[in-house]
Amino acid sequence: MSNEKILLQNGIQLCTESFGNENNPCILLLAGATVSMLFWDAEFCEKLAQKGFFVIRYDNRDVGQSTSYEPGTIPYDIVDLTNDAFAVLDGYKIESAHFFGISLGGMISQIAALMHPEKVRSLILMSTIPWADSDPTIPEMDPRILDFQSKAAEVDWLDEERVVNYLLTGAQLISGKKEFERERSEQMIRAEFKRTNNYLSMYNHAALGGGEVYWNRLNEIKHPALIIHGTEDLICHYKHAPVLQKKIKNAVLLTLEGTGHELHSEDWQLIIDNINDYIAPIK
């Protein structure tokens, strides 16, 4: 069973959904740039809740049903998004949670642990990069991703079929070597098309800045951290994972062979089991 809740915090609307018993330790799921909370499949959330957690997923600003701004307008930065995460916890009257962030959500989670360490129980950082200087020899985002993104201006964002075809192409591009889950991806895209406030607003995330005061301070993080990364990630190269592991003192690394920049269903059980094993002592 899940429950959707709209929170109004500091003049910002945040669309959230929870799974499991609210009396259990909380895992807060933070999605990446341009994607809504639907990135975290409901079935995945339910399986995680069955391990004895209260699971919350939510829409960042400019995606889904949370506050959105005109495309090309971004009156917030990454610290504001981090404060939104804390606002979600406040809205549920939760004092602290395990922060599970992917990509941009992983960067927000690192900042959260530095901003308010008392509100973060542990970090689960997936397909992300250090909020710090990394190895300069690590490849940047794959040029194929940039080429795909450059074609967004050619899409009629009011035409569901064209939007679906375009975003399916992108989903397949970042899916790694595991079998592309086309049907699952299409269902998510169509559901998002029907619920989003303004689809084009998601691209505001590309101009996201801020957070400089927290840069290069990962050595201050004392929380247990589970780093999860696929070997075929074209957006955040896998080589960032061991760098991140080295910078956070209490970190372990779970490598997903053949996985791209995705939450592939073949990996769900392995991810959930590792989360349960690693943070069980600090539930």
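Modeller: Here is a walk through the salt bridges, pair by pair.

This is a predicted model, so local features need pLDDT of at least 70, side-chain atom pairs count only at pLDDT 80 or more, and totals for chains, interfaces and linings use all residues. Residues are numbered from 1 along each chain as its sequence is written, and side-chain values use heavy atoms, with hydrogens and water left out.

Side chains of opposite charge can pair when their charged atoms come close. A salt bridge here is a side-chain nitrogen of Lys or Arg within 4 Å of a carboxyl oxygen of Asp or Glu. The count by this rule is 17.

Start with aspartate 273 and lysine 51. Their closest N and O atoms are 3.4 Å apart. This pair links distant parts of the chain, 222 residues apart. Aspartate 273 sits in helix 8 (residues 268-279). Lysine 51 lies in the loop between helix 1 (42-49) and strand 4 (54-58). Helices (H or I, at least four residues) and strands (E, at least two) are DSSP runs, numbered from the N terminus.

Now accessibility. Buried means under 20% relative accessible area, exposed over 50%, partly exposed in between (1.4 Å probe, protein chains only). Aspartate 273 is partly exposed at 28%. Lysine 51 is partly exposed at 31%.

Next, aspartate 147 bridges to lysine 151 at 2.8 Å, N to O. Aspartate 147 is partly exposed at 42%, and lysine 151 is partly exposed at 33%.

Aspartate 159 pairs with arginine 162 at 3.8 Å, N to O. Aspartate 159 is partly exposed at 26%, whereas arginine 162 is exposed at 52%.

Finally, a network of salt bridges links Glu160, Glu161, Glu186, Arg190 and Lys194.
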